[in-house]
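Me: I would like to learn how to read a few features of a structure, taking each one slowly. Could we go through them together?

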Amino acid sequence: MSSALARVFAVWRTGLPRPVLVLQGGNALNYFGTGLILPFEIIYLHAVRGFSTATAGLVLATVMGTAAVVTLPSGALLDRFSAKRILIAGNVLNALGYGGLAFVDRPWQGFVCSAVGGAGFGLVGTAGQVLTLTLVPAEQRAASTALRRVAGNFGLGLGATVAGFIVAAAHHDLHAFQALYLFDAVTFAVFALVVLVAIPNPGLAHAASTGESGQGFRAVARDRLLLALIAGNLALVMIGGAYFSFILPPFAVAHTPVGAGEIGVIVFINTFFIVVAQVPATRVVARMRRTHALAATSAIFAIGLLAVLLATQTRSPLAATTILAGVAIVIAIAECGQFIVLGPLVAELAPPHLLGRYMSLYQLSFMAGVALGPAVGGALLGTSPYAIWWSGAIALALTGAGFLRLGDRIPDPLVPTTSPPLPAASEVT
C-alpha cells in the first residue's frame, strides 16, 4: 500500500528548488486572500456600502483597467530592476489598495483604492511570472510555471469557499466584510515579506549594453513569432477560458436544466482538476513537440465548447450537470497545456535584456482575453446563443492550425536546434 501511494504522489513531485516552493507557498496564501473577497465585492459595495450596482461594477473594473495600463510599463521596469523588487512593490500597493477598500464609504474612495490595487496587480502579474522563470534553469520552467498555477487556483478556490461560509453566517455584516478585506491586505503584506526574506535575488535578466536595452518595445514588436504566439494565446483565453468562465453559467441556466447550484459544482470541478492535473501534465507535454502540444490544446478547447451543446439535448438536471462537468474537465485539460507550454516558450524566445517586456506582453494577452471574452460572448448570447459554441470551436480549430503552421520556427527541446535556450538569470554574468 505504501509503495502504491508513493507512486501516486510521485507524479506531483516537481524537483524544484526550495526558493521556488517557498515562493509558490506565498503565492497560494496571496490568492487565498484574493479568493476571500473576489466573489463578494459587488455585494459588499452595493448591499453594505450603498453604491449602485453600476458604480460598484465600475469600481471593480478600475482594478483590471489599471492593471492593464500598468502591465506593459512593468515589463520595462523588469528589464531595469530585479523581479524581486518589483514583486515586493506590487504587493505593497495591493495591500494598501485592498486594505483601503475596507473603509471606503464614497465612490471616489473606492475608485482610488481600486486604482492603487490595480497598479499592484499590474506589477505583480508580470514580476511573479519573471521571478518564477528566472529562479530555475530552462528545463525546469514548465514545472515552475505549473506549480505557480496550482498555487494560485488552490488558494483562490479555498479562499472563496471559506468566504462563502463567513458571508452566509454574517448576513452582510459590515465588520465581517472589513475583516475579509483586511485579511486580504495582510496576505499581500506577508507575501511581500516572504519574497524579501526567503527568495534570493536572481539579478537582472538583461544585457548590460545600453544600445540593446534601448530597443524597448520596438524590438518586441519586430518579433513576428512572438506576436503570432500572443495572438494564439489571446484566442485561447478569450474563446476557451473566458467563454467557459463567463458565458457558460448564464447560457446553462437559460438553455439547460441546470441551476445556480449545479453551476457552482461545475466551476469547482474545473478548478479542482487544474490543481490535481497541472503538475502531472508537465510530464505529458514534455514528451510532445511544442507545435503539437499547442495544436492539441486548441483542439481540446474546441471539443469542450462543442460538448456544451450536448447539455441542451436533455431535460434531466443530472444528465446535463454530468455533461457540463465533463466540459469543465476538458477545459481544465486544455488550460493545463496552454499555461505550461506558452509561458516558458515566450521566455525562451526573449532576448535576456527584453525578458520583462516579452512577459508583460504575454501577461497583457491574458487580460485582453478576459475582457474581450465576456464582451463578445455576451453580445452573441443575446442574439444567437447556440452559435457561441460552434463558432468558438471553429475559431479555436483555426487557431490550432495556425500553431501547426509555425512548425520549425518554434524552438523545441525535442528537435535539435542551433539556437541555445535562454539561460536563467542566475546564470547570466
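Me: Which residues make the nonpolar surface patch?

Reply: In this predicted model, the patch is made by Leu306, Tyr386, Trp390, Ile394 and Leu398, and its area is about 520 Å². Helix H16, residues 387-406, gives the most to this patch, with three residues. Trp390 lies in helix H16, and at 45% relative accessibility Trp390 counts as partly exposed, because that class runs between 20% and 50%.

Me: How many salt bridges are there, and which residue does Glu335 pair with?

Reply: Side chains of opposite charge can pair when their charged atoms come close. Here the count comes to four salt bridges. In one of them, Glu335 pairs with Arg149, with the closest N and O atoms 3.6 Å apart; because Glu335 lies in helix H14 and Arg149 in helix H7, the pair ties together parts that are 186 residues apart in sequence. Glu335 is buried, with a relative accessible area of 9%, and Arg149 is buried too, at 13%.

Me: Is Asp408, the partner of Arg289, buried or exposed?

Reply: Asp408 is exposed, with a relative accessible area of 67%, whereas Arg289 counts as partly exposed at 26%. The closest N and O atoms of this salt bridge are 2.9 Å apart.

Me: What lines the second largest cavity?

Reply: Rolling a probe the size of a water molecule over the atoms shows where empty space is left. The second largest cavity holds about 50 Å³ of space, and its lining residues include Leu23, Gln24, Val124, Arg148 and Phe191. Helix H2 (18-37) and helix H6 (107-134) are the elements that give two or more residues to this lining.

Definitions and conventions: Residues are numbered from 1 along each chain as its sequence is written. This is a predicted model: local features need pLDDT of at least 70, side-chain atom pairs count only at pLDDT 80 or more; totals for chains, interfaces and linings use all residues. Side-chain values use heavy atoms; hydrogens and water are left out. On a 1 Å grid over the protein atoms alone, a cavity is a set of points where a 1.4 Å probe fits but cannot get out, and a pocket is an open set with protein on both sides within 12 Å along at least five of seven lines; lining residues have an atom within 4 Å of a point. Grid points are joined across faces, edges and corners, and a volume is the space filled by probe spheres set on the points. Helices (H or I, at least four residues) and strands (E, at least two) are DSSP runs, numbered from the N terminus. Patches are made of residues with over 30% relative accessible area and no salt bridge: like charges are joined within 9 Å, nonpolar side chains (Val, Leu, Ile, Met, Phe, Trp, Tyr) within 5 Å. Accessible areas come from the Shrake-Rupley method with a 1.4 Å probe; for residues, only the protein chains shown count as cover. A salt bridge is a side-chain nitrogen of Lys or Arg within 4 Å of a carboxyl oxygen of Asp or Glu. Buried means under 20% relative accessible area, exposed over 50%, partly exposed in between (1.4 Å probe, protein chains only).
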